[in-house]
Amino acid sequence: MTKKKKILFVSPTGMLDNGAELSIANLMFLLKDRGHEVINLAPKSPYEGYDESFNDKGIAVERLKVTKFWWADAPGGLPASEEIIAQAHERNIEEISQIIRQRAVDLVITNTANVFVGAVAAKRMGVAHFQLIHEFPDGEFSYYDDRLKFFSDHSSEIFAVQGKLAETLQERFDEEGLFQTINTFVPFVDYKEKKLSELEASQTSFIYISRLTERKNQLEILRALNLILPDFPDLKVKFIGGYDEAYRQKMVDFIKLFELEKNVEFIGNQPNPWAMVTDRDIAVFPSADETFGLAYGEAVLNGVPAIFTDNRGFKSAYPIFQAGLMYRLGDITGLARMMADMYENFPAFKADALERVNLAKENYNLESCYKNIIDKIEG
């Protein structure tokens, strides 16, 4: 019989507005269902409903007052001097150490490469620490590439998202002489399964779900739309999700320049974005970079035909979902061609998407996504 453990998770934001946090919430729920005691530690935030989401599952949430919870040179800038941030980190480490001691915690799990205080507290208290990594060590997260030895020294096990990220980190560890195996997991986000056919639609539209940002590259959709509008003047694109103001303005400027106002709709954040999707819609994901590509997976699981770029995250996700059309990032003509083909031949693409749902469900479920983590906890 497996010994039940007390597990302290260190969450990076205390918000459920991103894939990494949603993913790890599902792991906490799974561990709780398997009989383990789970505590979620997160920085204080104004996000409503976060604590309740865990309390409803019988998981306690501990909140920390932080100055900057992440590494000082992590994205987000410096809200105070480096000296003040260092003092705040030391205070947080001591607070986490007290929780470990008072709750008799057996294992600490940190859910990002951007946070280190849980790892240090676990080391001080002599308890096991698992490091989960969702971010490639390049671009905005390149700063952590020289901290690989820290992760190795402070972690009993290291897990990275299956596919290109895990492969990249294993290569970097080997190059640095850190002969530690990078275990893998698949981020699981509980998708909202529904009968899309119950939603009425008069025509096929293209949809995009996620935040509008430079990295997500939604301008590529508008450029492709502009190429095919002469043949399909009534075609519409719907953007569902929040936005970075500067990037959205770029999109608005493009729309005005090419007079696309009647063809584009910004819907904004929605509590259940897939409820806005009809049985006549096609999903397009033009991201320049992803770690995995959860919105693409949700589209497949909901039987929505999808087009996506060949970035490394989608390449990692495709073997699991095995659906949709992949185009080369930046190939606007290729994207336009695929959009026109799906639009003209929608019934055939829709039928194929529906056929692939059950296969995707077999490959993508809570237990299989986190099997390696569960095995290390209970093995």
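**Close-up 1. Phe-159 is a buried ring.** Phe-159 counts as buried because its relative accessibility is 0%. Buried means under 20% relative accessible area, exposed means over 50%, and partly exposed lies in between (1.4 Å probe, protein chains only). This is a predicted model: local features need pLDDT of at least 70, side-chain atom pairs count only at pLDDT 80 or more, and totals for chains, interfaces and linings use all residues. Residues are numbered from 1 along each chain as its sequence is written, and side-chain values use heavy atoms, with hydrogens and water left out.

**Close-up 2. Phe-130 and Phe-159 form an aromatic pair.** Rings of Phe, Tyr and Trp (its six-membered ring) pair if their centres lie within 6.5 Å; planes under 30 degrees apart are stacked, over 60 edge-to-face, and the rest tilted. The count by this rule is 25 aromatic pairs. Phe-130 and Phe-159 are tilted, with 5.4 Å centre to centre and 50° between the planes. Phe-130 is in strand S5 (residues 128–133) and Phe-159 in strand S6 (residues 157–161), so the pair links distant parts of the chain, 29 residues apart. Strands (E, at least two residues) and helices (H or I, at least four) are DSSP runs, numbered from the N terminus. Phe-130 is buried too, at 5% relative accessibility.

**Close-up 3. Tyr-208 and Phe-239 make a tilted pair.** Their ring centres are 6.3 Å apart, and their planes meet at 50°. Tyr-208 sits in strand S8 (residues 205–209), Phe-239 in strand S9 (residues 237–240), 31 residues apart. Both residues are buried. Both also belong to one aromatic cluster, whose members include Phe-188, Phe-266 and Tyr-364.

**Close-up 4. Two arginines sit over rings.** A charge sits over a ring if NZ of Lys or CZ of Arg is within 6 Å of the ring centre and within 35 degrees of the ring normal. Arg-147 lies over the face of Trp-71, 4.3 Å from the ring centre. The charged end of Arg-312 sits over Phe-136, 3.5 Å from the ring's centre.

**Close-up 5. Ser-45 lies in a loop.** The loop runs between strand S2 (37–43) and helix H2 (50–55). Ser-45 counts as partly exposed, at 23% relative accessibility. Beyond four places in sequence, Ser-45 touches Thr-13, Gly-14, Met-15 and Arg-63; contact means heavy atoms within 4.5 Å. Its side chain reaches the backbone oxygen of Gly-14 at 2.9 Å.

Terms used:
Polar contact = N/O pair within 3.5 Å; in protein donor to acceptor, adjacent residues only side chain to side chain.
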